[in-house]
Amino acid sequence: IYPPKDWLVGSLLPSDFNPAIIQKILNELSPENVRIFWESKKFEGLTDKVEPWYGTAYSIEKVSSSKIQAWMSSAANENLHLPAPNVFIPKDLSIKNAQEEVKFPVLLRKSSYSKLWYKPDIVFSTPKAYVKIDFNCPHAGNSPETEVLGDLFARLLLDYLNEYAYYAQVAGLLYGISHTDSGFEVTLVGYNHKLRILLETIIDKIVKFEVKPDRFSVIKEMEIKDYQNFKFQQPYQQAMYYCSLILKDQTRPWVERLDVLPRLNVEDLTNFAPMMLSQAFLECYIAGNIEREEAESMVQHVEDVFFKGPNPICRPLFPSQFLTNRVVKLERGMNYCYSKEGLNPSDENSALVHYIQVHQDDFILNVKLQLFALVAKQPAFHQLRSVEQLGYITVLMQRNDSGICGVQFIIQSTVKGPAHIDSRVEAFLKMFENKLYEMTNDEFKSNVNALIDMKLEKHKNLREESRFYWREITDGTLKFDRREAEVAALKKLTQQELIEFFNENVKVGATRKKTLSVRVHGNQHLAEYHSQKSESVQPNTIQINDIFSFRRSQPLYGSFRGGIGHVKL
């Protein structure tokens, strides 16, 4: 279709301007040339043709010129007009000079109402910006009811913003509203020139939030279906969910939310919204083609709307109300096991998550864990999937829960039950010991260099860079130089240090090792599930029967978030 010089361009760029061709097309857009496709259940049994591919029933009917004339004469002209001018279309696409070379985000502004992290673009040179505002609202997640109402609030808010979605999207601006454990997040990304207008539009919708009964019913029904569909998730997803529920403090099961959801009504959400917003702290991140004064002005505007005036919508948080991320600290030398019947009785698949908890965020320990995962990943896949054929889904991957690091095997199988798979994971780790000990110096260096190359890979765009830094902010770790520091640690790492790390934290029977096995049993392996209940517990093993009783009885790691952090003001 195109000559070689235009292969990359294709049809994206217009060629010669030809008014005659454009007018010819416009002349064809007349009522007499209309073709209408009408799909409806009303036509069932009234059609006379069937298309040969899918067997769809249809009819073709000629529209008479008299009918077209009748339509034209009765058309309502007042509602047929060109769209209003799109206020989001950028006019200024200039690249702003960063006032200083800021390699990592800086804490630009802090008040009792908010924090502003700022990162000017010195890499991508595009007229774009990224804005994230996390509304931390203590009243948003203190019960199953408030969790569900918070989710309904975020979904309805996004629904109400639909009138702006098309105009923003065609102007290169995207936005999102997402429910969080402690409130909701607002995200904006795109051309910076009119991004402030979109932000103010969203803030105005939040302030003037009201519950429309018709939309509430629709959104509520969608949310009920989402919770009901949880039982149809794949077993490995269920196992990962239970693992998170065991490890993460203050998390609640989906069944509690589904239990309260049908009873909630318009009045409940009407009362909840102002209560949720009555106390808040805003964690903000602004990056890209934006000067620091603009970034500060944006946050100041949001503060003024919510916290200022004679009757402010929000009050600042008390020191005791700041959000923390607490994770259960498993005991060294112990194996924990949680078994559960699969939620879908017709699913033959069983699943295992075999999680090894290692340490709280630390550059040197991080790279040892990462290097182990890199070296073991392919042998684990080869042995457990290709050789033993335990299951199509066989993964070895790192796990990070708010700065608490570990590694996990995720396996889903129809051929073997979770207990057997668990034993095969341990057999693999015993076999892997020899591979690790026999690794040559050249192989070790090759793996180290591969991991260094992965860490030094540059962010592809502003959004990817911002997500990396935002994770540091939400976890509370604030180690924005993580990649550089971990590369430096890798360059000093020796093979003996990796072996010692494995022997202390991962090796079967290691005195420091902390293991959690989450087993989900499909309908092929229910006998194994029931027989386990009567079996005696192995030494150094704790059977978890009630997740919440277990969680309440365990010590927790300290939270990076809500603490002093790593950055000095």
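Strand β10, which spans residues 350–360, is mostly covered, with ten of its eleven residues buried. The model described here is predicted.

Two strands pair with β10. Strand β12 (residues 404–413) runs antiparallel to β10 and is joined to it by ten bridges. Within this pairing, Val 353 stands opposite Ile 410 of β12. Strand β13 (residues 514–521) also pairs with β10 in the antiparallel sense, here over seven bridges.

## Helices α11 and α15

Two packed helices are described by the distance between their axes and by the angle between those axes. Helix α11 covers residues 363–387 and helix α15 covers residues 482–492; their axes come within 9 Å and cross at roughly 75°. Because an angle of 65 to 115 degrees counts as roughly perpendicular, α11 is described as roughly perpendicular to α15.

On the α11 side, the contact involves Phe 363, Ile 364, Asn 366, Val 367 and Gln 370. These residues meet Arg 482, Ala 485, Glu 486, Ala 489 and Leu 490 of α15. By class, the contact has six nonpolar, two polar and two charged residues.

## The annotated C-terminal lobe

An unreviewed UniProt entry places the feature "domain: Coenzyme PQQ synthesis protein F-like C-terminal lobe" at residues 372–470. Over residues 372–470, the chain of the predicted model is 63% helix and 19% strand. The end C-alpha atoms of this stretch are 26 Å apart.

Technical notes. Residues numbered from 1 in each chain as written. Predicted model: local features only at pLDDT ≥ 70, side-chain atom pairs only at ≥ 80, totals over all residues. Heavy atoms only, no water. UniProt positions renumbered as here; feature names shortened; annotations may be inferred. Helix = DSSP H or I, 4+ residues; strand = E, 2+ residues; numbered from the N terminus. Buried < 20%, exposed > 50% of the residue type's maximum accessible area, 1.4 Å probe, protein only. Pairing = 2+ DSSP bridges. Axes fitted to C-alpha atoms, helices over the stretch in contact; angles between N-to-C directions. Parallel < 35°, antiparallel > 145°, perpendicular 65-115°, else oblique. Contact = heavy atoms within 4.5 Å. Nonpolar A, V, L, I, M, F, W, Y, C, P; charged D, E, K, R; others polar.
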